[in-house]
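Here are my notes on the model you sent over. Have it open beside you as you read.

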Amino acid sequence: MNRQKDDPLTKLEKFCIDSYLINKDADFAYLTAKGNGSKATDFNLHRIALRWLRSKPVADYLKARQGQLISTADTDGKDFTKKENVIGEL
């Protein structure tokens with residue numbers, strides 16, 4: 001996917017980072033964002049995924065999106081980062 005002008009992340013990468021915020025599966029988010037079958041061992045794959053999450057563009061996006069999720073939870077009165085609240089709404 002192409003990056004938007006002045007945006008270091010693609011739409012797919014942003015989507016995968018958002019999914020990481022929900023399910024905390026760094027390895028799956030990385031593999032999906034990069035779209036290639038990695039031949040790395042599970043241990044090395046996890047290290048690569050964490051390095052990707054700590055990179056400046058991804059870390060900045062994570063910080064911004066996490067703030068949006070928390071502020072949304074505060075205004076609605078429900079914290080949708082908790083499994084029980086999500087299940088209750090469904």
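1. T32 comes out as partly exposed, at 30% relative accessible area. On this scale buried is under 20%, exposed is over 50% and partly exposed is in between, using a 1.4 Å probe and protein chains only. T32 sits in helix α2; helices here are DSSP runs (H or I, at least four residues), numbered from the N terminus. Leaving aside residues up to four places away in sequence, T32 touches L12 and C16, where contact means heavy atoms within 4.5 Å. Its C-alpha is 8.1 Å from that of E13, 19 residues away along the chain.

2. A word on ground rules: this is a predicted model, so to speak of local features takes pLDDT of at least 70 and side-chain atom pairs count only at pLDDT 80 or more, while totals for chains, interfaces and linings use all residues. Residues are numbered from 1 along each chain as its sequence is written, and side-chain values use heavy atoms, with hydrogens and water left out.

3. How do α1 and α2 pack? The axes of α1 (residues 11–23) and α2 come within 9 Å and cross at roughly 170 degrees, with axes fitted to C-alpha atoms over the stretch in contact and angles running from 0 to 180 degrees between N-to-C directions. That makes the two helices roughly antiparallel, the label for angles over 145 degrees. On the α1 side the contact has L12, E13, C16, S19 and Y20; on the α2 side it has A26, A29, T32, A33 and K34. By class that is six nonpolar, two polar and two charged residues. Ala, Val, Leu, Ile, Met, Phe, Trp, Tyr, Cys and Pro count as nonpolar, Asp, Glu, Lys and Arg as charged, and the others, Gly among them, as polar.

4. Take a look at K24, in the loop between α1 and α2. K24 is not a glycine, yet has a positive phi of about 60 degrees. K24 also lies over the face of Y20, 5.4 Å from the ring centre (the criterion: NZ of Lys or CZ of Arg within 6 Å of the centre and within 35 degrees of the ring normal).

5. Searching the whole structure turns up one aromatic pair. Y30 is in α2 (residues 26–34) and W52 in α3 (residues 42–54), so the pair ties together parts 22 residues apart in sequence. Y30 is buried at 16% relative accessible area, and W52 is buried at 9%.

Methods
Rings of Phe, Tyr and Trp (its six-membered ring) pair if their centres lie within 6.5 Å; planes under 30 degrees apart count as stacked, over 60 as edge-to-face and the rest as tilted. Angles under 35 degrees count as roughly parallel, over 145 as roughly antiparallel, 65 to 115 as roughly perpendicular and the rest as oblique.
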